[in-house]
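Hi there,

Here is the structure I promised to pass on to you. Please have it open while you read, and I will walk you through what turned up.

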Amino acid sequence: MSSTPTPTPQRFTISHLDERDFKTGGLRDYSAYRDLGIAEATGGLAQAHVIRMTAPFRPELSVRHHHDVQFQMVYCLKGWFQTEFEGVGVRRLEAGSCWLQPPGIRHTVIGWSDDCELLEIIMPAQHETVSDPQ
């Protein structure tokens, strides 16, 4: 008899813009994050947040790393954001563009505009970010 895993129940959620929802203290100290409530609504299946760059880019902020995820998509809402991906090269997001980062791809952020805001969707919600040696 085959056992099919029971999908995690999901519930409806909605998130309206409130500037007070942008919080610092997330993965990077040069960013503020607005949690969109997706992790809670999906029982941890996925996470979605808006990332707002809060400090000008400086090369010392950039560390080569990867994320232990199954899915990661980044959509640029405002400004621009630039990253160097292992095996792909330098790619730049501008307002209205997006990229899909394959699981585990090593990358280094190499710049952003002062007004940069990104929407990031990741699966699963809880995951590890690993610093990689250069």
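Predicted model: local features only at pLDDT ≥ 70, side-chain atom pairs only at ≥ 80, totals over all residues.

Residues are numbered from 1 along each chain as its sequence is written, and side-chain values use heavy atoms, with hydrogens and water left out.

**The sheet**

Strands here are DSSP runs of E with at least two residues, numbered from the N terminus, and two of them pair if DSSP finds at least two bridges between them. Six strands form an open sheet in the order β1-β2-β3-β10-β5-β8, with antiparallel pairing. The edges are taken by β1 (22–23) and β8 (98–100); each has a single partner strand, so one side of each has no neighbour in the sheet.

Another antiparallel pair is β6 with β7 (residues 89–94), joined by six bridges. Their hairpin has three residues between the strands, and Gly87 takes a positive phi near 80° in it.

**The cores**

A nonpolar core means a set of buried Ala, Val, Leu, Ile, Met, Phe, Trp, Tyr and Cys residues joined through side-chain atoms within 4.5 Å. Buried stands for under 20% relative accessible area, exposed for over 50%, and partly exposed for what lies in between (1.4 Å probe, protein chains only).

The largest nonpolar core has 16 residues, and those with the most contacts inside it are Met53, Phe81, Leu93, Trp99, Trp112, Cys116 and Leu118. Two or more residues each come from β3, β5, β6 and β9. Apart from this core lies another, of five residues, including Ala32, Leu36, Ala48 and Val50.

Have a look at Leu93 in particular: not counting residues up to four places away in sequence, Leu93 touches Val74, Cys76, Gly79, Trp80, Phe81, Cys98, Trp99 and Leu118 (contact means heavy atoms within 4.5 Å).

**Pocket and cavity**

Both were found on a 1 Å grid over the protein atoms alone: a cavity is a set of points where a 1.4 Å probe fits but cannot get out, a pocket is an open set with protein on both sides within 12 Å along at least five of seven lines, and lining residues have an atom within 4 Å of a point. Grid points are joined across faces, edges and corners, and the volume is the space filled by probe spheres set on the points.

The largest pocket has a volume of about 480 Å³. Of its 29 lining residues, the closest to the centre are Leu27, Tyr33, His49, Ile51 and Glu120. The largest share of the lining, four residues, comes from β3. By class, the lining has 13 nonpolar, 13 polar and three charged residues. For these classes, Ala, Val, Leu, Ile, Met, Phe, Trp, Tyr, Cys and Pro count as nonpolar, Asp, Glu, Lys and Arg as charged, and the others, Gly among them, as polar.

- Gln82 sits in β6 and counts as buried at 18% relative accessibility. Its bridge partner in β7 is Arg92.
- Thr108, in β9, is buried too, with a relative accessible area of 10%. Leaving aside neighbours within four places in sequence, Thr108 is in contact with Ser62, Val63, Arg64, Thr83 and Glu84.
- His127 lies in the loop between β10 and β11 (128–131) and is partly exposed, at 25% relative accessible area. His127 and His67 are 60 residues apart in sequence and 7.1 Å apart in space, C-alpha to C-alpha.

Happy browsing, and best wishes
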